[in-house]
Amino acid sequence: MLPLLALLVCLAPQTALAESVAGKWNLTWDTQGGIRHMVWEVKLDGEALSVMADGQKLEGTFKDGRLEVSGKIHAARAGYSSELRAEGTLVNGKLKGKGSWGGYSMSFVGERDK
């Protein structure tokens, strides 16, 4: 029985064994204007990703531990809207990456909401 179980694990698709990005995330953005915080509610349908961020929708993909997402975000603090683009990786339960918004570059780190 044990050899059969080992064979099944080896034959399982890697995506079945990979971490899922679905769920609620607390992101900390290091921007040119200082540290900013944002909560992402992430839903995954295959490789299609949708994110609700402060009531605003972003869309993208998640494949092999890597996410790419974009969408228009209004920042009340800045007083205008612009396209947010972010790309990052999910490793050991943390999201890390970089992004851009309104011509500004930034980096982010995200942790699952507890």
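A residue counts as buried here when its relative accessible area is under 20%, as exposed when that area is over 50%, and as partly exposed in between. With that in hand, let us walk through this predicted model. Of the 114 residues of the protein, 26% count as buried.

Start with the overall layout. The protein has two helices and eight strands, and along the sequence the two kinds of element follow the pattern α-α-β-β-β-β-β-β-β-β. Among contacts in the protein with a separation of 6 or more, 29% are between residues 24 or more positions apart.

The largest nonpolar core has 22 residues, and Val21, Trp29 and Trp40 touch the most other members. Strands E1, E2, E3, E4, E5, E6, E7 and E8 each give two or more residues to this core. As general background, nonpolar side chains in soluble globular proteins tend to be buried together.

Leaving out residues up to four places away in sequence, Trp29 touches Gly34, Ile35, Arg36, Met38, Trp40, Leu84, Ala86, Gly99, Met106, Ser107 and Phe108.

How are the aromatic rings arranged towards each other? A pair of aromatic rings is described by the distance of the centres and the angle of the planes. The model has four aromatic pairs. One of them is Trp40 with Phe108: the ring centres lie 6.2 Å apart and the planes meet at 45°, so this pair is tilted. It links distant parts of the chain, since Trp40 sits in strand E2 and Phe108 in strand E8, 68 residues apart. Both residues fall below the 20% cut-off for buried: Trp40 has a relative accessible area of 1%, and Phe108 has one of 3%.

Another pair is Tyr80 with Trp101. Here the ring centres are 5.0 Å apart and the planes are at 20°, so the pair is stacked, because planes under 30 degrees apart count as such. This pair also links distant parts of the chain, with Tyr80 in strand E6 and Trp101 in strand E7, 21 residues apart.

Which residues lie nearest the centre of the largest pocket? They are Thr31, Arg36, Ala75, Trp101 and Met106, out of 20 residues that line the pocket. The pocket has a volume of about 490 Å³. Strands E1 (23-31), E2 (34-45), E5 (66-75), E6 (80-91) and E8 (104-112) each supply at least two residues of the lining. By class, that lining has eleven nonpolar, six polar and three charged residues.

Two further residues in the strands are worth a visit. Ser82 lies in strand E6 and is buried, with a relative accessible area of 16%. Apart from its neighbours within four places in sequence, Ser82 is in contact with Gly71, Lys72, Ile73, Trp101 and Gly102, so Trp101 comes up here once again. Glu68, for its part, belongs to strand E5. Is Glu68 buried or partly exposed? At 42% relative accessibility, Glu68 counts as partly exposed. With neighbours within four places in sequence left aside, Glu68 is in contact with Leu49, Glu59, Gly60, Thr61, Ala86 and Glu87. The C-alpha atoms of Glu68 and Gly99 are separated by 9.6 Å, although these residues are 31 apart along the chain.

Finally, look at two loops for some backbone detail. Asp54 is placed in the loop between strand E3 (48-53) and strand E4 (56-63). Asp54 is not a glycine, yet it has a positive phi of about 55°. Its relative accessibility is 52%, and because the cut-off for exposed is over 50%, Asp54 counts as exposed. Asn92 is found in the loop between E6 and strand E7 (94-101). Asn92, also not a glycine, has a positive phi of about 50°. At 72% relative accessibility, Asn92 counts as exposed.

Methods:
Residues numbered from 1 in each chain as written. Predicted model: local features only at pLDDT ≥ 70, side-chain atom pairs only at ≥ 80, totals over all residues. Heavy atoms only, no water. 1 Å grid on protein atoms, 1.4 Å probe; cavity = no way out; pocket = protein on both sides within 12 Å on 5 of 7 lines; lining within 4 Å. Points joined across faces, edges and corners; volume = space filled by probe spheres on them. Helix = DSSP H or I, 4+ residues; strand = E, 2+ residues; numbered from the N terminus. Nonpolar A, V, L, I, M, F, W, Y, C, P; charged D, E, K, R; others polar. Buried < 20%, exposed > 50% of the residue type's maximum accessible area, 1.4 Å probe, protein only. Phe/Tyr/Trp six-rings, centres within 6.5 Å; stacked < 30°, edge-to-face > 60°. Core = buried A, V, L, I, M, F, W, Y, C linked by side-chain atoms within 4.5 Å. Contact = heavy atoms within 4.5 Å.
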